Amino acid sequence: MVWAGKGKTAVVGLGMSKLTRRADKPLGALALDACYAAIADAGLKPSDIDGLATYPDQPFRGAGNRDGEDLVNALYIMTHGELAPDIKWYAQISTGMIASAPIEGVNALISGACNYVLFWRAMHIPRGTYNSFRGYQAGGDGQFGAPYGHVHGYQTHSMAYRHYLNKYNQKREKMAALVTNSRKNANLNPNAFFHDQPMSVEDYLNARMIAEPLALFDCDVPIEGCTALVMTTADRAKDLKNKPAYIAGYGQNTAHRPEYLTYMIDDYLEAGRPHAGKIYERAGMGPKDIDVAQLYDGFSPSTLYWLEAAGFCGEGEALDFVQDGNVSLTGSLPLNTFGGSLSEGRLHGMGHLAEAVRQVTDRAEGRQIAGANTSIAIDGSPLLRGSGMIFTREP
Amino acid sequence: MTSETPRRVVPQPDALTQPFWDAAAEGKLVVQRCQACGFWSHPPRIMCNKCHSLDMKWEPVSGKGRLYTWSVMHMQSITGFEDRVPYTTLLVELDEQPKLLLLSYLAGRDEGLEIGQRCEVYFDKVEDFTLPQFRVLK
């Protein structure tokens, strides 16, 4: 049944800080840059903003917890943001994935809790401790992994990917098509970290291994930076300067997980299908209705899992589906048109949301898919967790 | 008297997991099993992952399984494993139940490994702990 909230809310402004490896100012300042840019882009004043949503947690080992330095909590922007004197509503989410926070914003707007929601996602690279496990003891589920030299998400993902390649009798070399396609798109995206760096198939195949079969270019590039957006109701959006990107539907990963080993090796279809299914059902759509797809690529195989779980191709067919330009800007399903997390930078799913907004409002400079009416953005692996939205040109 | 800092990351057991490590110290591999429905859970859980019963008990398993997948690690980012890269981490599926998975460490690379190969448990002393490990029968 189509969701009553379909088309009732929209994104009306976007802003980004620069994406770099080492920012020249603290993360909180980058977040304010992005937030003010999004507010100005929407044609609003900071004092118009009376609702906040964010997903602050940093998704790697070795993350600190200093607000404004290591991450940017709702409290930081409330304090430093010069926004409405009395913020009416906020949500700070740490489960699901990035879209889980604007999902809360959508529901707040529909319920009338506030007029405008500012949503941001800030990413930090701490010096020295990024992704290192330096403890001498591992408790919880980790006690069954760390003593064996298994700790990191990329290790779990590499195991799942090997399992996938073996199951469908595929070779990792075929992933070159997807990764180089995303890099080509990044070369057209002025915001992308790798905007000026092309990648050949040889570059991809020669990259050093991280945890086999994942090599360097199968992993997204960590960056420091922030992207923000402003949402409001469709009624208010009509009077603002930008074309609204209407939210047609959303979904979250709510799969039951009977097995659990430090980080799940599980059937991605079991988790991903109902997740994508919820997004489609609310929007009254199916995969054939999607013009442009932004599918999570924290690790390159996640995109394969989403292509299959979201019904763009059959089970086990994704590596073949991405060959021969099929997912290029001129292909049958333009994919990760901004370069993805792989080549734009690790915004942890925020880049996918922002690009979906741009594509349905003709703002994807240099890589616009002409007449794109619908774009889906799904974040998460989908082995573990996720959230997503469909944006449309018309309500 | 002092206790040496472990040179390699070791388990930090709690009340729930202590029996696993106690059994390993005696050369036994045990997994938690729901007494209501028979479902095996690893890592151990307070409540059955399948039927939600609280009646969970540790039971011995055969120690036999198959190689489900593996990874060859190249990053020097885990305490005590920095000098061991590249090394291999194995995921072994026990015969007792589909997707009942345990991790194992294999020194060096993955020459000759194939998904589906038979595995069997052995016990490996690390600091004050005994870790169940799996050898792959190639």
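**View 1. Burial and contacts within chain B.** Of the 138 residues that make up chain B, 38% count as buried. The model shown is predicted. Among contacts in chain B between residues at least 6 apart in sequence, those joining residues at least 24 apart account for 46%.

**View 2. Elements and dimensions of chain B.** Chain B contains nine strands and one helix. Read from the N terminus, its elements follow the order β-α-β-β-β-β-β-β-β-β. The radius of gyration of chain B is 16 Å, close to the 14 Å given by the globule rule for 138 residues, so chain B is as compact as a globular protein of that length. Taken along the principal axes, the box filled by the C-alpha atoms of chain B is roughly 45 × 45 × 25 Å.

**View 3. The side of chain B that touches chain A.** Contact between the two chains involves 37 residues of chain B and 35 residues of chain A. On the chain B side, at least two residues each are supplied by strand E1 (10-11), strand E5 (64-73), strand E6 (87-94) and strand E7 (101-106). E5(B) provides the largest share of this side, six residues. By residue class, the side of chain B that touches chain A comprises 21 nonpolar, 12 polar and four charged residues.

View 4. Strand E5 (residues 137-138) of chain A and E1(B) run parallel and are joined by two bridges. Within E1(B), B:Val10 is the bridge partner of A:Gln137.

Notes. Residues are numbered from 1 along each chain as its sequence is written. Chains are lettered from A and ligands numbered from 1 in the order in which they are written. This is a predicted model: local features need pLDDT of at least 70, side-chain atom pairs count only at pLDDT 80 or more; totals for chains, interfaces and linings use all residues. Two residues are in contact if their C-beta atoms, placed from the backbone, lie within 7 Å. Helices (H or I, at least four residues) and strands (E, at least two) are DSSP runs, numbered from the N terminus. Ala, Val, Leu, Ile, Met, Phe, Trp, Tyr, Cys and Pro count as nonpolar, Asp, Glu, Lys and Arg as charged, and the others, Gly among them, as polar. Two strands pair if DSSP finds at least two bridges between them. The radius of gyration is taken over C-alpha atoms; the globule rule is 2.2 Å times the number of residues to the power 0.38. A residue is buried if 20 or more other C-beta atoms lie within 10 Å of its own, exposed if 12 or fewer, and partly exposed in between; C-beta atoms are placed from the backbone.
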